[in-house]
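Try each task before you read its solution.

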Amino acid sequence: YPLCALAVSDERPVSTQSTWGGLPAYLIPDFRFEDLLMAVTTALVKELRERTGAGMMDCKKALTETDGDIELAIENMRKSGAAKAAKKAGNIAAEGTIIIKQNDGVAVLVEVNCQTDFVAKDESFLAFANKVADAAIAETITIEDLQAKFEEDRVELVTKIGENINVRRLQYITGETLVEYRHGERIGVVVAGVADEETLKHIAMHVAASNPEYLTPEDVPADVVEKEKQVQIDIAMNEGKPAEIAEKMVVGRMKKFTGEVSLTGQAFIMEPKNLLAKFLKRKTQQLLALYVWKLVQVSKKKEKVPTAWPLV
């Protein structure tokens, strides 16, 4: 390597790192002295991370590509962000948060998703979700317009965090009295009715805990009832009961089943000895609307998005 060494003045700085075969950097074949002068410093990487929120290796790569020009690095990172977000778009986003906002007799539920529960707790992600919800309550807007409004912010966040992020859905609710309840980040309930706030709050808490699928036992679809009835008959017959006895036994079991899956037929969590129907009759004049949202249910093969359903 003498020729390489002769090409460099003794006054030039020598790397303290043994980077190839124990030799200083400038003695490595094909080494360019300009690379040493343009070395990306730790301070420069730190500054870029603080300004963009991107990962350390991404910042170092961007600075290397621009010979340490931080402004150009930021511009290039913004341009490449859209491409990175597009690559992440196919990733399943099954975690996230449900945000509820209220203003002047209107409430809105907004769901924003990410890929992992770790990111779901990230301050940047939660700030983004709340910013989206604030915009949704500020004006009545469609989900398509809301998504378009925050697409640039979403792409920047995907680039920073490295996960797919979606603004999935929103729902507006109006009513004389509105009460919201969130059980962690995964369940959101809004109740509208003619009653005091404490009563409606208790209803919201009950719904979050008991997960009713229908308003009343009579609302349970016939096909759902028939399917469960057959299951109960088979159970009874497997216990050794004759078919006619099994049929009679199932009548009582079906009444219990339709009650357990409906709001008014459930035992009230605040008064376990009473059905919620009695509590509603005693404490409310009218239950106008009740929306229950859970984070989307997603499988690896396909995504199943349950629609927000009003119980009333």
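**Exercise 1.** Decide whether Cys-59 and Cys-114 are buried or exposed in this predicted model.

*Solution.* Start with the cut-off: buried means under 20% relative accessible area. Cys-59 has 0% relative accessibility, so Cys-59 is buried. Now take Cys-114. Its relative accessible area is 0%, so Cys-114 is buried too.

Next, look for disulfides. A disulfide is a covalent bond between the sulfur atoms of two cysteines. The search covers the whole structure and finds zero disulfides.

**Exercise 2.** Describe how strands β1 and β2 pair.

*Solution.* Locate the strands: β1 spans residues 95-103, and β2 spans residues 106-114. Finish at the turn. Two residues lie between the strands of this hairpin, and Asp-104 has a positive phi near 50°.

**Exercise 3.** Classify the crossing of helices α11 and α12.

*Solution.* Two packed helices are described by the angle and the distance between their axes. Helix α11 covers residues 222-238, and helix α12 covers residues 243-260. Their axes come within 8 Å and cross at roughly 130°. That angle makes α11 oblique to α12.

Last, find the residues in contact. On the α11 side they include Val-225, Ile-233 and Met-237. On the α12 side they include Ala-246, Val-250 and Phe-257.

Methods: Residues are numbered from 1 along each chain as its sequence is written. This is a predicted model: local features need pLDDT of at least 70, side-chain atom pairs count only at pLDDT 80 or more; totals for chains, interfaces and linings use all residues. Side-chain values use heavy atoms; hydrogens and water are left out. A disulfide is a pair of cysteine sulfur atoms within 2.5 Å. Buried means under 20% relative accessible area, exposed over 50%, partly exposed in between (1.4 Å probe, protein chains only). Two strands pair if DSSP finds at least two bridges between them. Helices (H or I, at least four residues) and strands (E, at least two) are DSSP runs, numbered from the N terminus. Axes are lines fitted to C-alpha atoms, for helices over the stretch in contact, and angles run from 0 to 180 degrees between N-to-C directions. Angles under 35 degrees count as roughly parallel, over 145 as roughly antiparallel, 65 to 115 as roughly perpendicular and the rest as oblique. Contact means heavy atoms within 4.5 Å.
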